[in-house]
Amino acid sequence: MSATNLPDSLAISGLLEGDLDLLLELAHIGQYKGLSAETESRQLHYNKPQLRSMAVEAWEEYAIWGRGTGKSEGRIAPRTFRNVQVMPRGHGCFVGATYLQLLERTLPPVVKGWENMGWKRGRDFWIRERPPKSLNIPEPIVGPLTAEHCIFFRNGAVASMVSQDRPGSANGKTVHWIVGDEAKLLNKQSLDNELLMTNRGDERYFGGIPEFHSLLFCTDMPTTASAQWILEQEKRMDPKRIQALLAIQAQLYELNSELVASPARRKSIVAKINRFQAQWDAIRANTVYVSYASTFDNLHGFGLKQLKELKEKLPPFIFSTAILNRKPAVTEHAFYPDLTDEHAYDHVDYSYVESQEFGKGNFSDSRKDGDVNRYAPLDMAMDNNALINTLAVGQLFGRSYKILNALYVMHPQKLRQLIDQFCAYYTHHPRKEVNFYYDHTANVTTAKDPVSFAEDVANWLTGKGWKVNMVYIGQTTSYQYRYELWGRALSGGDQDTYSVSFNRQNTEYLRTSMQRTQVKQGKEGYEKQKKDEKTLSLDQRGTTHFSDAGDTLLVGAHYQHKFNHDRVAMDAVFAL
């Protein structure tokens, strides 16, 4: 198929020559009432960043947009809709850091966008199932052997769902387009060496089509060193090409309006439209576009009230990067300087996830977590404060310690609600047993309150059916000790120190707190800079409270799980 031999729904010349009524509707010119009975009319709304990207429609785009700007529904959906239409029987690919991310966060809004554009599930596309044979839908040019991780389309096209937490899921594929969501979470080396290598071949089918082997990666603002490759793509962008593409679209809009006003000149106007369309296709076929947008660009759709709520709920660093789409400032004098994105991992239990029907699964508890040893106790540590209570959960696996989860409640919720949250998340954990690490600050009692914080935690957990092993670690360890312990653990550990890693999806606020914590020189060595804890106007999730819970967890793990080489070797055999 050549670039000039597009499906009727996308070929401007075909629309102009075949159905002027439909052209007028698509151009949104007035309220034209002469549509044929067979034509389905839909009023679609897109915000400025979405319209700008569709006007450019570059062969390679990196959309760095804040949360709530409509990346999935208003950018990925129209792009993939077009890819499928211009490449019937083609093979595309959705890629994410995890398969759960694709099922839970990417596909639902994309499907909504497709449905807004007229597609219907079970008629025009099928998710994780093949179309009925009775429809005689043609087979893809390069089809998958199974339907389990695919979306099939009525014109014979197919889209595979590839995730980086399932090694080999891209092996043996030949794809014709790639779309990646939450791109800042993707491993660039894996992307280059595995998936991008499959985006090749089949020129005889789709050579000359600008969408052929196209790339679209969407994300909010990258905040880690490993995701800076996305921002570096801007060096490859030629702003003059973007300006030219937008100028051509402006000319096309004017010509469409002129066509309505001067029907007698229809033939010459159509010829001009075709020339501009050809120029647009030729330019965008070799264009790299890096687009930026903040949530304010979709304020009318997102809502001012919801934006204000997010400002109240999110830590300032996350609000600044994920919502306002601002490039992050580097934290100077970090207390955890060795913490990088490489310490975060993805581990999903797909035997559970794939047992759930698409759109109906419950992924809000530990059944989705593949990194939990379900037959071992859970380690937990907490930080108690009037404004925020935090809780960190971990387990030991051989000589590696994994921080599995980080939970919290904000004022006016209290400790009891945090324990309820923990119990709800781990309600399906077979072994209801915890090692609760606490120091002297949790042992305080008064005449008015003879029950300590630690005893309250134990009583509430016991009341929920959990066995609690109280592990008192003594006086709060010095900042200097914690600084050095984390340094060794984050550097791979040693004979006296476990290496440490974090579940990426479950520990965002804990890692953000650690990344934003600064060190200062105190009287007895290094100390944490804790002035933000005293600034009540700041969201306390972004201050040092969460990092303190992480400190107690790691210190407690080394206190509880003292190295015994025979036991460690046995643990490694049975570690999940």
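Visitor: Buried or exposed, what does Ser53 count as?
Guide: Quick background: this is a predicted model, where local features need pLDDT of at least 70 and side-chain atom pairs count only at pLDDT 80 or more, while totals for chains, interfaces and linings use all residues. Residues are numbered from 1 along each chain as its sequence is written, and side-chain values use heavy atoms, with hydrogens and water left out. Buried means under 20% relative accessible area, exposed over 50% and partly exposed in between (1.4 Å probe, protein chains only). Ser53 has 0% relative accessibility, so it counts as buried.

Visitor: Which residues does Ser53 touch, leaving out those up to four places away in sequence?
Guide: Ser53 sits in helix α3, residues 48–56 (helices are DSSP runs of H or I, at least four residues, and strands are E runs of at least two, numbered from the N terminus). Counting contact as heavy atoms within 4.5 Å, and skipping residues up to four places away, the list is Glu61, Trp65, Arg75, Tyr289 and Ser291.

Visitor: How is α4 oriented relative to α5?
Guide: The axes of α4 (71–86) and α5 (99–116) come within 8 Å and cross at roughly 65 degrees. Axes are lines fitted to C-alpha atoms, for helices over the stretch in contact, with angles from 0 to 180 degrees between N-to-C directions. Under 35 degrees counts as roughly parallel, over 145 as roughly antiparallel, 65 to 115 as roughly perpendicular and the rest as oblique. That makes α4, relative to α5, roughly perpendicular.

Visitor: Which strands stand at the edges of the open sheet of 7 strands?
Guide: The order is β9-β15-β12-β11-β10-β13-β14, with mixed pairing; two strands pair if DSSP finds at least two bridges between them. An edge strand here has a single partner, so one side is left without a neighbour in the sheet, and that describes β9 and β14.

Visitor: Which strands does α18 lie across?
Guide: Helix α18 covers residues 508–516 and runs at about 125 degrees to β15. The strands it lies across are β9, β12 and β15.

Visitor: What is the bridge partner of Gln521 in β17?
Guide: Strands β16 (519–522) and β17 (525–528) run antiparallel, with 4 bridges between them. A hairpin links β16 to β17 through 2 residues. In β17, the partner of Gln521 is Tyr526.
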